[in-house]
Amino acid sequence: MITADFHNHTSFSSDSTAPMEGQIRQAISLGFTRLCVTDHMDRHYPNPIDKGSFELEPDAYFDSLQTLRARYRGQIELLFGIEFGLRNEPHLKEEILNFYQNLEASYPFDFIIGSTHALHGADPASAEYWESATLKDGLRDYFQSIADNASWYPCFDVYGHLDYIVRYVPAEVKDYCYEDYRERIDQALLAILNAGKGIEVNTAGLKTLSYPHPKKEILMRYRELGGEIVTVGSDAHAPEFLGYQFNRAEEYLKECGFRYYTVFKDRKPIFEKL
Ligand SMILES: [Zn+2]
Ligand SMILES: [Zn+2]
């Protein structure tokens with residue numbers, strides 16, 4: 001049984017109003033032994049006026065977690081996480097790398113997710129991104145961004161929601177054919193593995209798709225290439241989605257040949273039996 005949610009958001013994220021304490025109480029009521037909050041930090045997020053800055057205030061974030069750690073000690077283990085939005089536009093690389101490495105060195109993070117939330121100066125969840133990209137180019141460039149970011153930025157532990165872009169493609173059927181992108185996906189997986197990092201199963205996909213992220217072919221290919229580190233997260237932005245369909249995530253991992261899921265403490269992986 002999976003008893004740890006390693007991807008979720010609180011009101012420290014621009015797109016959540018959930019108090020951190022509410023997420024913790026929900027995790028305890030689900031019988032979880034660990035919770036790692038991973039609020040958004042997206043340096044130079046391209047659409048700040050419509051959607052907020054997606055840059056949290058790290059001191060307040062850490063203080064809040066520390067206070068709640070003391071309050072809920074003995075009931076649940078609270079890990080300190082964050083989700084960094086990584087960018088593969090070359091002119092942003094140096095500044096973003098310095099910014100995240102400085103943050104990583106300044107706070108005692110247990111776990112860092114690296115994610116693509118923007119490329120070509122736009123959020124792939126926005127209409128703007130798809131205005132200038134065909135379906136094929138939009139998906140191909142997104143997978144390329146993972147390959148670039150995983151090799152450019154050492155400051156993450158797992159790459160987030162590998163194929164979440166499929167939820168936002170301007171097509172009636174929200175799906176894609178793995179074979180059409182196999183080469184780019186392999187580049188992305190190899191970059192992640194060569195950097196010694198992992199991936200996650202993100203159950204937010206199950207809200208609108210028949211599978212969590214990433215789809216089965218990717219997860220199986222990751223394993224085939226030697227991948228072992230897989231965290232599990234709901235990407236919940238509200239308590240009702242915490243631990244969303246984790247029973248399904250457990251089956252899914254087993255179907256793909258995994259016998260363990262991963263949690264992190266002090267940036268080091270710990271393998272828990274499924
Ligand atoms: Zn994300
Ligand atoms: Zn997230």
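A: Helices are DSSP runs of H or I with at least four residues, strands are runs of E with at least two, and both are numbered from the N terminus. The model shown here is predicted.

Q: In which helix is serine 151 found?
A: Serine 151 belongs to helix α6, which covers residues 135-152.

Q: How do I read the exposure of serine 151 and leucine 135?
A: Count the other C-beta atoms within 10 Å: 20 or more means buried, 12 or fewer means exposed, and anything in between is partly exposed. Serine 151 has 16 such neighbours, so it counts as partly exposed. Leucine 135 has 13, and is therefore partly exposed too.

Q: How many helices and strands does the protein chain have?
A: The protein chain has nine helices and nine strands.

Q: In what order do the strands of the open sheet stand?
A: Strands of a sheet pair through backbone hydrogen bonds, in either a parallel or an antiparallel sense. Here seven strands form an open sheet with parallel pairing, in the order β1-β2-β3-β4-β5-β6-β7. β1 and β7 (230-233) are at the edges with a single partner strand each, so one side of each has no neighbour in the sheet.

Q: How many bridges join β1 to β2, β2 to β3, and β3 to β4?
A: Two bridges join strand β1 (residues 4-5) to β2, and the two run parallel. Aspartate 5 has leucine 35 of β2 as its bridge partner. β2 and β3 pair in the parallel sense over eight bridges, with cysteine 36 standing opposite leucine 79 in β3. Six bridges, again parallel, link β3 to strand β4 (residues 111-116). Glutamate 83 has isoleucine 113 of β4 as its bridge partner.

Q: Is strand β2 mostly covered or uncovered?
A: β2 (residues 34-41) is mostly covered, with seven of its eight residues buried.

Q: What do β1, helix α1 and β2 make together?
A: They make a right-handed β-α-β unit, in which α1 spans residues 20-29.

Q: Which residues of α1 are buried, and what covers them?
A: An α-helix has 3.6 residues a turn, so residues three or four places apart point the same way. In α1 the buried residues are Met20, Gln23, Ile24, Gln26 and Ala27. They cover an arc of only 160° around the axis, which puts them on the same side of α1. Their cover includes β1, β2, α3 (58-71) and β3. After α1 comes glycine 31, with a positive phi near 85°.

Q: How do strands β8 and β9 pair?
A: β8 (residues 260-265) and β9 (residues 268-273) pair in the antiparallel sense over six bridges. Tyrosine 260 stands opposite lysine 273 in β9. Two residues lie between the strands of this hairpin, where aspartate 266 takes a positive phi near 55°.

Q: Which residues have the most contacts inside the largest nonpolar core?
A: In soluble globular proteins, nonpolar side chains tend to be buried together. The largest nonpolar core here has 69 residues, and those with the most contacts inside it are Leu35, Phe84, Ile112, Phe156 and Tyr159. Strand β3 (residues 77-86) contributes the largest share of this core, six residues. Beyond four places in sequence, tyrosine 159 touches Gly114, Ile146, Ala150, Ile192, Lys197 and Ile199.

Q: How does the radius of gyration of the protein chain agree with that of a compact globule?
A: A compact globule of 274 residues would have a radius of gyration near 19 Å; the protein chain has 17 Å, which agrees. Along its principal axes the C-alpha trace spans about 50 × 40 × 35 Å. Of the 274 residues, 45% count as buried. Among contacts with a separation of 6 or more, 78% are between residues 24 or more positions apart.

Conventions: Residues numbered from 1 in each chain as written. Chains lettered and ligands numbered in written order. Predicted model: local features only at pLDDT ≥ 70, side-chain atom pairs only at ≥ 80, totals over all residues. Core = buried A, V, L, I, M, F, W, Y, C linked by C-beta atoms within 7 Å. Contact = placed C-beta atoms within 7 Å. Pairing = 2+ DSSP bridges. Right-handed = clockwise from strand over helix to strand, strands pointing away. Arc of directions from axis to C-beta. Rg over C-alpha atoms; globule rule 2.2 N^0.38 Å.
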